[in-house]
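User: Can you walk me through this one? I'd like to begin with the fold and then move on.
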Amino acid sequence: MAQPSHSAGGFRLTIPQATRSQRWQVLRRSATFWVGATIVVIWVVFAIFGDFVTPFDPLGTPADVLNRLEAPSGEHPLGTDELGRDVLSRVLAGARQVLTVALAATVLGTIFGTALGLVVGYAGGIVDEILSRILDAFLSIPLVITGMLALTALGPNTLGVIVVIGLVFTPIIAKTVRAAVLSERQLDYVTAAQLRRDNGLYVLFVEILPNVANVIIVEFTVRLGYAIFTVLALSFLGFGIEPSIPDWGLMIAQHRGYLTGGIWWPVLFPALAIASLVVAVNLVADSISQAFE
Amino acid sequence: MRAKKSPFVRERLDAIRRKASPIENHIIDEYAAGKITRRDFIRRGTIVGMSFSVLGFVATACATDDVTTTLGGAVTTAGGPGTTGATGTTGATGTTGAAGAGTIRAAMITPAGAIDPVLTNDEGRLAILGQTGQYLTFSDAELNLIPVLAESWEPNDTLDVWTFHLRQGVTYHDGSPMVAADVVAVFNNIAEGNAASAYETFGVDPANIVALDDATVEFTLARPNGSFPFFVSSDNYNAIIVPASFWDGYAEGSYEAEFPGTGIWQIENLEQGVSASFVKNQNYWGDNSAQPERLEVLWYDDEAVAVSAFQEGRVDTIPHISSSGGQALLESPDATVASISTAQHRQVYFDTSAPPFNDKRVRQAVALTLNRQVLIDGLLAGYGTVGNDHPIWSLFPMYSPDTPAQRDEDLTAAQGLLDAAGVGSFSAPLDTLQFAEVEDLAQLIQASASQVGIDLQVGVYDSGTYYNDYWLAAAGSMGIVNYGHRGVPNVYMAAPLLSDGTWNASHWVNEAYDDLYAQFASAPDLDTQRQLAGEIQTLLNDEVPFIVPYYVDHITITQPNFSGIAVTGMGHVDLINATFA
């Protein structure tokens, strides 16, 4: 665990170099970390450079609807979808959509959740009681249901998905950060800062925040996996994504009806992509979590 | 060459003409002069209330050499809502046996709400209403108007008063007789519901509907209308005839308590949103002796569920399925596929009240980016006919052929129009609803328009959200809306296109069109209607308040051992002649 140390401006996070090295050593020796990280990096590369590596236009311009639902072939290794678009191109390009939205939503949720968790944990007393009960109530609603309700109210669009998932994650992350802050605020460096009558915000964000950073990092990686799954679940249910945009969840939703006719390729390959990314992110999250323990 | 008429034929023809009204004689003149086909003669004759015996005689007596169609098979009435030779053929498991035995199991789309004569606005509900209830007239798949609860009808000379004579001896399921007061009560009570646009289209004021006696109802219209009997037909699916007493305790969904009506089925059991079962109406006024004993309806939200049920032999028929949803069955040797051409179409509308679509060149440019035959072949598996940016379907008798020339894909011309309009590249929303292939159509329009620098942002919503928030509202946008089949184009031409039309999503205001439509609606003869339709088709094709990319066929799937189901483009399902092999 990181140890606080005193510096000119007060207590600062000064994680001992040896500890960082030890964590990196743990990660470096973790096969699961490398497997997960490799898969994630591959998808990130496709997300960034997808336009240059896809064999066909993922948006299907010009439309080739007469070649719809063609089985995998030399020209289309993963077949074509219901509008004649190349499934391989759409799967590769689909990484951008899910990673962008999931990452942005997780960052948003982490920022809001951290801020809220710091305040609730540090304030304690009645503020903690009231906000904690509100957070509990919020958390009792299933995540996807909350997302669907919010998107129905806000109107479905990509920005809405980011905001909704970010807000849904906020109380979850806030609860975790609050628990860490409750431990931290008992420590001497916080008491010293309070005796110095440091500004509350200063104590929260300069003194305590660095010392709960490890918790936040672990929570961030775990939430990223959930965010990916939530984004895809919402798009599968038809919330938030423009239908022409390559999106794995939407691709499955659009083509699942064809399974009864033996047309499996527009469903199977996006499903495999989802599985690979979610599993990879979770492998990385588990490895990071172990390294911080 | 005309066949020489015998003295007997001439004498009877003269007698018919003496008794006929000026409008009826005009239709006979048009047919005798070869201006309309035998099929159109029958259609027009039924609309103005000429009996089938008279129509059949005149059709033969005045036949010209170019006539190739026959009366037989075009219309049958036999007491039921009419079946036609061209409607769904067939084919399933189920209980086998002689005609009149067995249980029909049909997979139908789930009703969108409580089954209710006032509020019904979807195929799921109208298909059920038509099982237990009936209409004064039935608009069949061949565009014929079949007498059902009205035995005959006639207009006055100016086409603004229509008198309907009710069939005698008709009783409701509870044994009470159907009388004219019931009909008046129906048309008084549905006026404010989903049927409101039909009242507007046909100029009907409930206050001007009167029962002359127990068997006669008279409608006085605000303006002449030559197609009025379609207002009281199955096309206006809210106008199902129920006892006047039903309205005493009417509340939303109260119809589901007893499903009152005169139809061939009586309700047996209802499990909302899941299934319904019906038993044969043993006291039906017509001949339903061949009708099977029971009907079980399995409701589905997802066509894949219906397809699975069919593949597993749990249903005998899917009366209506989309080409995309039913793809697994369209080529299957274990399914019989029947299709009928319909006037159902998608309107891809532009908001003409705001930039960039207030310039008709921009609208024409978008229309020119579409390859319509490719859309039909790709999205509808070939089950459709090409549209030309007006709603007058080519099989309507009043359609003016080849006017104007068919609009085809021409990207160069589209780019030229955009350049001339000076709009350059631009973005615009394209909003629509989740319905059949419409989401795919939106994406293909998006892809097509992108070839000339138009960036359309597609939004697809559930029908409630779409109709509440997007349909008539968004400025500067495009949208896609579905229009179901009708026997005449009046509804398509009024509510979505008149300057004050209640469904005018294009916000298109054109006085010349308003005037042309008024003339069209009151035109007594087909010649005049066709001439006006030509002008309207040309005007709409040039102005493009909306694109009509195609008309959609109605596909019916049946098991190979099941036959006799008749369907309409509207979604009505007639099972009176259904049998198992």
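User: What is the secondary structure of chain A?
Analyst: This is a predicted model. Chain A comes to 11 helices and 2 strands.

User: What order do the elements of chain A run in?
Analyst: From the N terminus, β-β-α-α-α-α-α-α-α-α-α-α-α.

User: What does the C-alpha trace span?
Analyst: About 75 × 45 × 30 Å along the principal axes of chain A.

User: How much of chain A is buried?
Analyst: Of its 293 residues, 47% are buried. As for contacts in chain A with a separation of 6 or more, 72% join residues 24 or more positions apart.

User: Now α2 of chain A. How far apart are its end C-alpha atoms?
Analyst: Only 28 Å, for a helix of 23 residues (31-53). A straight helix would reach 33 Å at 1.5 Å a residue.

User: Where is the kink in α2(A) centred?
Analyst: On Ala47(A), with a kink of about 55°.

User: Which residues of α2(A) are buried?
Analyst: Phe33(A), Gly36(A), Trp43(A), Phe46(A) and Gly50(A).

User: Switching to the contact between the chains. How many residues does each chain put in?
Analyst: Chain B gives 26 residues and chain A gives 18.

User: Which elements of chain B supply at least two residues each?
Analyst: α8 (303-311), α9 (327-330), α11 (372-379), α13 (438-450) and β16 (454-461). The largest share on that side, 8 residues, is from α13(B).

User: And how do the residues on chain B's side divide: nonpolar, polar, charged?
Analyst: The side of chain B that touches chain A has 12 polar, 9 nonpolar and 5 charged residues.

Conventions
Residues numbered from 1 in each chain as written. Chains lettered and ligands numbered in written order. Predicted model: local features only at pLDDT ≥ 70, side-chain atom pairs only at ≥ 80, totals over all residues. Contact = placed C-beta atoms within 7 Å. Helix = DSSP H or I, 4+ residues; strand = E, 2+ residues; numbered from the N terminus. Nonpolar A, V, L, I, M, F, W, Y, C, P; charged D, E, K, R; others polar. Buried ≥ 20, exposed ≤ 12 C-beta atoms within 10 Å, placed from the backbone. Expected span 1.5 Å × (residues − 1). Bend = angle between axes of the 7 residues up to and from the residue.
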